[in-house]
Amino acid sequence: MEENESNKIIDEVTQTEYKYGFTSDVEMDMAKIGLTEETVRFISAKKNEPQFMLDFRLKAFEKWKTMKQPEWAHLDIPPIDFQEIIYYAAPKKKKELASLEEVDPELLETFDKLGISLDEQKKLSGVAVDAVFDSVSVKTTFQKTLHEKGIIFCSFSEAVQNHPELVKKYLASVVPIGDNYYAALNSAVFSDGSFCYIPKGVKCPMELSTYFRINTANTGQFERTLIIADEDSYVSYMEGCTAPQRDENQLHAAVVEIVAMKNAEVKYSTVQNWYPGNKEGKGGIYNFVTKRGICKGANAKISWTQVETGSAITWKYPSCILKGDNSVAEFYSVAVTNNHQQADTGSKMIHIGKNTKSTIISKGISAGKSQNSYRGLVQVNKFAENSRNFSQCDSLLLGDKCGAHTFPYIKVENTTAVVEHEATTSKISDDQLFYCNQRGIDMESAIGLIVNGYAKEVLNKLPMEFAVEAQKLLSISLEGSVG
Amino acid sequence: MLSIKNLTVSIEGKEILKNFNLEVKEGEVHAIMGPNGSGKSTLASAIAGREDYDVSEGEIIYKGKNILEMPVEDRAREGIFLGFQYPVEIPGVSMTNFMRTALNEIYKYKGKEPLSAGAFLKLMEEKKELVEIHDKLANRSVNQGFSGGEKKKNEIFQMAMIDPDLAILDETDSGLDIDALRIVANGVNALKRANNSFVVITHYQRLLDYIVPDVVHVLYNGRIVKSGPKELALELEEKGYDWIKNEIAG
């Protein structure tokens with residue numbers, strides 16, 4: 001009798017816990033559909049944010065309500081109902097699979113072509129990984145090294161909790177709340193992202209990538225990144241990965257801000273490979289990103305390197321404000337579009353300080369029925385004596401159903417400035433392909449070779465481990481585009 | 001090695017080769033001469049398998065197999081090499097990368113292990129020596145910024161790397177000064193084996209001072225109108241192509 005009684009209690013307790021614990025979690029961890037002030041307050045409360053963050057979000061939300069989606073880009077964007085989106089959902093654990101056999105074979109094939117190790121493949125596709133291969137220990141060692149140097153590298157949420165003074169000081173200092181429609185939206189509802197601070201005089205000894213951030217939660221569709229390099233510091237930061245990434249959220253609007261103080265250098269590399277949609281142009285991510293850095297002090301340097309192969313629509317202009325005298329900014333980009341992808345990407349270089357120097361190297365590759373545009377602004381302000389810019393925008397066409405466009409804007413208010421712009425458009429010629437074929441190289445490898453040769457100048461700027469994968473990625477992205 | 005029978009090839013509806021016949025045995029060097037527009041380069045492209053060349057009749061038998069349906073890269077992997085008249089530039093692709101890719105694919109096709117990086121580089125040095133390329137060819141992009149002579153030497157260099165069974169050299173001598181000509185010819189002679197064959201297409205006789213052919217063919221108007229021993233080349237040089245034209249007309 002007694003035993004039965006206790007069993008009954010145990011049953012009750014466990015089942016009760018199960019019942020409430022589970023269902024309440026689901027209710028609490030998802031915002032109601034649509035975007036209202038309530039949504040913004042919900043997100044802030046959910047993340048237990050201090051008042052200044054709530055105020056920041058609310059201000060952004062008010063601003064966003066007065067704004068309209070930009071229409072100037074050379075993009076055909078299907079209407080987006082912003083009230084049909086769920087703006088906050090707690091990071092969901094990906095469904096764990098028992099083995100690689102349960103993974104989409106097409107995905108595995110791509111992994112193989114990219115040369116991704118089996119363990120990495122499992123990790124990326126959500127297969128349970130043997131504890132030995134779990135990279136937590138690697139990450140911990142990594143964090144320890146950073147900690148010793150005084151480098152802060154954590155999720156944005158953690159930064160808000162642990163370093164509110166830094167967040168308060170620098171958040172939106174480069175990309176103001178009302179900078180553009182998507183930046184305002186991001187400011188109101190961003191869920192998480194990365195935060196990085198390099199103290200004075202510190203050279204970060206390793207490439208920082210989100211891969212090594214402890215608690216890498218699913219940062220969701222509105223990602224926020226803030227990188228601050230204090231005086232005389234250096235950091236190289238890598239975002240994204242070459243493995244194909246799928247996401248149930250179609251709209252992505254991220255904001256990245258970089259602050260480089262006197263003599264500081266920041267290298268920011270991106271490989272973007274979001275799901276581009278199928279061959280008929282169905283599905284795929286809309287990627288509306290605002291990335292901007294400021295060379296705040298003298299001799300500061302910021303360089304953006306990006307390899308963009310994914311997303312159905314890309315709207316992205318990593319830019320630099322060259323405020324400090326003698327500061328240097330660079331933008332190196334390879335943007336590949338295939339099938340029905342559309343990309344409108346480029347850079348803005350705003351010269352404010354004296355003797356500032358910027359370089360833009362953009363390599364567009366269009367195939368299939370895609371549209372690929374370069375859009376860039378070079379602006380030299382009144383007091384930016386002896387400023388220089390060199391821009392080179394090349395387009396490579398594969399086939400005759402795609403489009404390549406260049407929209408360079410140049411605005412110079414100082415007569416001592418030197419601004420150069422070069423542009424070329426070329427096609428992969430049949431002669432080149434035949435030449436490769438005749439040496440025993442098949443069509444796809446030949447295209448891979450030629451395209452990588454074309455993009456070499458940019459790929460060379462990537463950190464080593466990224467560059468090798470990016471090369472393979474370029475070839476894969478263009479598979480089936482010729483012949 | 002190579003047996004071409006009744007081959008008719010057109011480009012954009014225009015017949016360039018008409019009922020063309022050619023028989024090349026193992027270990028032989030054949031020279032094909034002829035005036036401009038006689039179909040010399042078309043022959044080279046057709047054997048290599050270039051797409052825009054429509055073969056309406058005949059067959060190309062290589063090592064006992066009709067290769068007409070075989071894609072270009074497989075013909076290459078089977079041992080057919082074409083030395084181009086106008087080698088194309090491929091910006092940003094280093095010669096090392098290009099050759100490595102080519103050799104790897106050929107070896108893979110033949111079921112051979114790919115060369116190690118060390119063995120590959122050693123082979124490159126050795127073959128560079130053969131064609132007297134002294135600079136850092138390895139780091140230069142394929143044919144980019146090469147002089148006319150360098151491009152042709154580069155063709156022979158690639159041939160040496162690949163070591164084909166059947167090499168077709170399409171006017172490799174055109175535009176070469178006498179030194180480059182000698183180097184190119186020496187390269188070819190060094191690669192001659194008892195079981196490989198060369199088809200040397202040329203406009204002028206002078207290359208044949210260095211590469212001695214077993215047979216000389218005269219191509220005119222899409223077919224071979226005269227074949228003979230190496231002396232035929234000299235006769236042609238002396239009398240010009242009009243002699244052949246008149247002979248045919250007469």
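Predicted model: local features only at pLDDT ≥ 70, side-chain atom pairs only at ≥ 80, totals over all residues.
Chain A has 483 residues, of which 48% are buried. Its secondary structure comprises 13 helices and 19 strands.

One loop of chain A deserves attention for its backbone geometry. The loop between β10 (301–308) and β11 (313–316) of chain A contains A:Ser311. The phi angle of A:Ser311 is near 70°, a positive value in a residue other than glycine. Is A:Ser311 buried or exposed? With 26 other C-beta atoms within 10 Å, A:Ser311 is buried, because 20 or more such atoms place a residue in that class.

The contact between the chains draws 16 residues from chain A and 20 residues from chain B. On the side of chain A that touches chain B, the elements that give two or more residues are α10 (430–438) and α11 (443–454) of chain A. Helix α10(A) supplies the largest share of that side, 6 residues. By residue class, the side of chain A that touches chain B divides into 6 nonpolar, 6 polar and 4 charged residues.

Chain B can be approached through its sheets. Strands of a sheet pair through backbone hydrogen bonds, in either a parallel or an antiparallel sense. An open sheet of 4 strands in chain B has the order β2-β1-β4-β5, with antiparallel pairing.

The loop between β1 (2–11) and β2 (14–24) of chain B holds B:Glu12. The phi angle of B:Glu12 is near 45°, again a positive value in a residue other than glycine. B:Glu12 has 7 other C-beta atoms within 10 Å and is exposed, since the limit for that class is 12 or fewer.

A second open sheet of chain B is built from 6 strands in the order β6-β9-β10-β3-β11-β12, and its pairing is mixed. The edge strands here are β6 (80–83) and β12 (223–228) of chain B, each of which pairs on one side only. From one strand to the next, the twist averages 20°. One pair in this sheet consists of β3 (residues 29–33) and β10 (residues 197–202) of chain B, which run in the parallel sense over 5 bridges. In that pair, B:His30 has B:Val199 in β10(B) as its bridge partner.

Helices complete the view of chain B. Helix α8 (residues 241–249) of chain B lies across β11 (215–220) and β12 of chain B, running at about 70° to β11(B). Elsewhere, helix α5 (residues 148–162) and helix α6 (residues 178–191) of chain B pack at an angle of about 5°, with axes 10 Å apart. That angle makes α5(B) roughly parallel to α6(B), because angles under 35 degrees are classed in this way. Residues of α5(B) in the contact include B:Ile156 and B:Met159, and those of α6(B) include B:Ile183, B:Val184 and B:Leu191. The residues of this helix contact divide into 8 nonpolar, 2 polar and 2 charged.

Technical notes. Residues numbered from 1 in each chain as written. Chains lettered and ligands numbered in written order. Axes fitted to C-alpha atoms, helices over the stretch in contact; angles between N-to-C directions. Parallel < 35°, antiparallel > 145°, perpendicular 65-115°, else oblique. Contact = placed C-beta atoms within 7 Å. Nonpolar A, V, L, I, M, F, W, Y, C, P; charged D, E, K, R; others polar. Pairing = 2+ DSSP bridges.
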